[in-house]
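Let's walk through this structure together, from the overall fold of one chain to the place where two chains meet.

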Amino acid sequence: MTEEQKQAQAPSSAPRREGGSGGHGGPRREGGPGGGGPGGPGGRPRGKRQYFRKKKVCKFCVEKMDFIDYKRADILSQFVQERGKILPRRLTGVCSRHQRWLGVAIKRARNIALLPFAGSAAGTQAPRAVAATVEAPKA
Amino acid sequence: MEERLYDLIFIVRPATPEEEIKKVLSGIEHSCAEKGGKIEKTEHWGTRKLAYRVAKHREGIYVYQQIRTNHGELIAELERRLRVQDVVIKYLTVRLDEDLKRQKKLVQKREQRTARRPRRAPAAPPAAPEQTAAAS
């Protein structure tokens, strides 16, 4: 608390911090893979942030894939978190039909150890960047 | 019964000599010949990292085969064989022909649609988002 008050008094350092942590509820989408990111931040006014998100298109529709091969772990791994959770399509922009096939393919790939199961704690290396969420206080 | 296409993947222990793998493969071939199946494809993917530990191993040698057969019992037989093999730590069989059939149908449909498009004004179902390909 005292820290924030200090920063409010010192105008030179305040704006930078504001931009970083946002007013309410920081952006909780760090896990977004490949195309998931909301693109360039630019000078976004707070509160209206989500309307500037780029329209996402289904990667499989663009490439006209009619069959998602469970053996292509390189493709499938773009649609799971590093712990192995299947990403929801609201983050990835995959259309519902392809998401359905994707789910099947990912589950098959898990069976043959090409992808991790969501619960397993085995062999994950890159640690998640959680520092940003920690610093947002409840004010 | 029409012919079915199956994928068969198995993983052997990382330090398995080549002859052992050959032995497993010839065993598969043998039962295929016995029950009336045909091996369409055999691929050695080599040593890969496993996504999780299997039989205390972190990596394994992947072998991939495609098998075409009329008889479902062949797959049951192959699975039984792979299960008792000591060097094989994991296997997976997947029936593929239904997926491929569906794929063929979809490709056909799309071709029809693109063939029809010039005649009609901008088609109502915007199923093929070509213009958005530039995005990301």
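A contact here means heavy atoms within 4.5 Å. Helices (H or I, at least four residues) and strands (E, at least two) are DSSP runs, numbered from the N terminus. Before we start, please keep in mind that this is a predicted model, in which local features need pLDDT of at least 70, side-chain atom pairs count only at pLDDT 80 or more, and totals for chains, interfaces and linings use all residues. Residues are numbered from 1 along each chain as its sequence is written, chains are lettered from A and ligands numbered from 1 in the order in which they are written, and side-chain values use heavy atoms, with hydrogens and water left out.

Let's begin with chain A. Its secondary structure comes to 7 helices and 0 strands, so from the N terminus on the order of elements is α-α-α-α-α-α-α. Chain A has 139 residues, and 27% of them count as buried, where buried means under 20% relative accessible area, exposed over 50%, and partly exposed in between (1.4 Å probe, protein chains only). Among the contacts in chain A with a separation of 6 or more, 61% are between residues 24 or more positions apart.

An α-helix has 3.6 residues a turn, so residues three or four places apart point the same way. Just after H6(A), Ala113(A) takes a positive phi of about 65 degrees.

That brings us to the interface. Here 24 residues of chain A are in contact with 33 residues of chain B. The area buried between the two chains (the accessible area, with a 1.4 Å probe, lost on putting two parts together, summed over both) is about 2,500 Å², and carbon and sulfur atoms give 63% of it. Asp66(A), Phe67(A) and Ile112(A) supply 25% of the area that chain A buries against chain B, more than any other three residues.

Across this interface the rule finds 3 salt bridges, each a side-chain nitrogen of Lys or Arg within 4 Å of a carboxyl oxygen of Asp or Glu. One of them joins Asp66(A) and Arg110(B), with the closest N and O atoms 2.8 Å apart. Asp66(A) is found in the loop between H3 and helix H4 (73–76) of chain A, and it counts as buried because its relative accessibility is 7%. Leaving aside neighbours within four places in sequence, Asp66(A) is in contact with residues including Trp101(A), Gln103(B) and Leu106(B).

Finally, look at Ile39(B), which lies in strand E2 of chain B. Ile39(B) counts as partly exposed because its relative accessibility is 24%. Ile39(B) and Gln66(B) are 27 residues apart in sequence, yet their C-alpha atoms are 5.9 Å apart in space.
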